[in-house]
Amino acid sequence: MLKVLHVLDHSLPLHSGYTFRTRAILKAQQAMGIELRAITGLRHSAEGPDVEEIDGITFHRTPGEAGGPPGLREWREIGQLATAIDKLCREWRPDVLHAHSPALCGEGALRAAKRLGIPVVYEIRAFWEDAAVGNGTSREGSAKYHLTRQLENHVVGSVGAVVTICEGLRGDLIERGFNAERISIMPNGVDLAMFGTPVPRDAALAAELGLGDGPVIGFIGSFYDYEGIDDLIAAMPALVARQPDARLLLVGGGPREAALKEQAQASPAAAAIRFVGRVPHHEVERYYALTDIMAYPRKKSRLTDLVTPLKPLEAMAQDKLVAASDVGGHRELITDGVTGRLFAPDDPAACAEALALLLEERGAWDAYRKAGHVHVETRHDWARNVERYQVVYQTLLGIAPLSAHAA
C-alpha cells in the first residue's frame, strides 16, 4: 500500500478554506486505499495533543516555537518542521512527502527528504506573497514580497513534482522558466457525498433574519478586502430600485467586517442588508438554502486573476445561481451565460446589473442550476479528481500508473 505523509501549515480542528481542502483531499485518498498521515508546522495554533485523530485522519504536530526577527524566525520554523518530519518518517517510513503551500512547508519537507531519500511533491494553492498583499499584510514589490517569491522558486525548482490548483498558477510558474511537464493541476473540488444534496429552506431561520419572501443574494466566506464585498453592498441601492424585495445576506467575518457594517448602515439600502457573522461549518448549508444567488465580486489583482476560489463551486453543488466578477480565477470556473453570470470587477453598477438580470430571467434558472451542478460533478468532484494525485505519485516512484486519468 502506498504511504503518503502530507506536510501542512495548519489543519483541522481549525476551520479555513485551507483545512477544508486538506480534509477533502485526505479523505478521498483514504477512500482510494492510500495510507496517509499529516504533520503541521508551528503555525498550527489550535491546542491539542502531539498526535491526534480527527475525522479518521492522524495529525502529528511540530513541537516548540520559533522566535527572533523576521527571516531568522522563518528559518528556525523550517528547521523545526524538518526535524519533526525526519523523526516521524524514520518511525512510519512513507513513500512520498506531499508538502502543501506555503513554501515554509516545502522547504521543511525538502530538508528532511534529502536526509531520508524520499521524493517530494509540492502543492501550491496560492502564491503566498500575493495572498499577503490581498490580506493587507504586505505590499507588492516589498523586500518581504521578493523574499517569499524567491523561497517559493527554490522549492519549485528542487522538488520532484509540482501541483497547482489552477491554470493561472501553473501558467505563472511556466513564465518563470519552470518545466511545464513537471507541473500538474489538481483543481479545487467539492465532496459531493457530503455537500452535493441541498437541504430544504428553513422558513423559521429566514423569518428570524427578516428576509421576507423576495429574492436573496448571498455571500458566505471571509471578509477580506480582495473579496469586494464593499462593491456588493454599494450595488444594493440600484438592485433594490429594480427588485424592491431583494435582500443581501452576508455570512462570515474577517478584517473588513467593521468597515463593511459601517458602510451598510450608511447605505440607502440598509434595510435590505443582513449580517449573520461566522457560523459553524456544519450549519453552512442552512444558509445556502436561504439564498437564490451567490455573489462573488472579487476585485481585480494578481491574486484573484491567478487563483481559483472554492466558494463558487460549493454554490453550484448547492444548486445556487452564481454571479461573479470577471477575473481570471472566476473565468476558470464559470462560463458566462451558462453556469453563471460574470460582471466587470471593481464596478458596483455592473454588479447590480448582473444580479438584476439574473433575477429577471427566472425562466433560465433551472438551466443555470443544472449546468452548474453538472460542471461540478464532471470536473470538480474530489472522488474523481483525486486520481490525478495517484499518477503524480506513481511517476515520481517510477511505477507504471494504474489509472487512465491524465494528470
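# A reading lesson

Student: What kind of model am I looking at?

Tutor: This is a predicted model, in which local features need pLDDT of at least 70 and side-chain atom pairs count only at pLDDT 80 or more, while totals for chains, interfaces and linings use all residues. Residues are numbered from 1 along each chain as its sequence is written, and side-chain values use heavy atoms, with hydrogens and water left out.

Student: Back to Asp 55, then. Where does it lie, and what is its phi?

Tutor: Look in the loop between β3 (51-54) and β4 (57-61). Those labels come from DSSP runs numbered from the N terminus: helices are H or I runs of at least four residues, and strands are E runs of at least two. Phi of Asp 55 is near 55°, a positive value in a residue other than glycine. Asp 346 is also not a glycine and has a positive phi, about 60°. You'll find Asp 346 in the loop between β14 and α15, and it is partly exposed at 42% relative accessibility.

Student: Now the strands. In what order do the six strands of the open sheet come?

Tutor: Read across it as β11-β10-β9-β12-β13-β14, with parallel pairing. Two strands pair if DSSP finds at least two bridges between them. At the edges are β11 (273-277) and β14, each pairing on one side only.

Student: Which bridges can I trace around β13?

Tutor: Four bridges join it to β12 (residues 293-296), with Ala 295 partnered by Ala 323 of β13. Three bridges join β13 to β14 (residues 341-343), and here Ala 324 has Leu 342 as its partner. Further along, β9 (residues 216-222) and β12 pair over two bridges, where Gly 218 partners Met 294.

Student: Are the two faces of β13 buried or exposed?

Tutor: In a regular strand the side chains alternate between the two faces of the sheet. In β13, Leu 321, Ala 323 and Ser 325 are on one side, Val 322 and Ala 324 are on the other, and all are buried. Five of the five residues of β13 (residues 321-325) are buried, so the strand is largely enclosed by the rest of the structure.

Student: How do I read a pair of helices? At what angle do α1 and α18 pack?

Tutor: Two packed helices are described by the angle between their axes and the distance between the axes. Helix α1 (residues 17-32) packs against α18 at about 75°, and their axes are 10 Å apart. That makes α1 roughly perpendicular to α18. Angles of 65 to 115 degrees get that name, under 35 is roughly parallel, over 145 roughly antiparallel, and the rest oblique.

Student: Which residues meet there?

Tutor: Arg 21, Ile 25, Gln 29 and Met 32 of α1 meet Glu 387, Tyr 389, Gln 390 and Tyr 393 of α18. Within α18 (residues 387-396), the buried residues include Tyr 389, Gln 390 and Tyr 393. After α18 comes Gly 398, with a positive phi near 70°.

Student: Last one: which residues touch the most other members of the largest nonpolar core?

Tutor: A nonpolar core is a set of buried Ala, Val, Leu, Ile, Met, Phe, Trp, Tyr and Cys residues joined through side-chain atoms within 4.5 Å. The largest has 60 residues, and Ile 217, Leu 232, Leu 250 and Leu 355 touch the most other members. Helix α15 (residues 348-360) gives the most to this core, with eight residues. Apart from it lies another core, of 38 residues, including Ala 99 and Val 159.

Note on methods
Buried < 20%, exposed > 50% of the residue type's maximum accessible area, 1.4 Å probe, protein only. Axes fitted to C-alpha atoms, helices over the stretch in contact; angles between N-to-C directions. Contact = heavy atoms within 4.5 Å.
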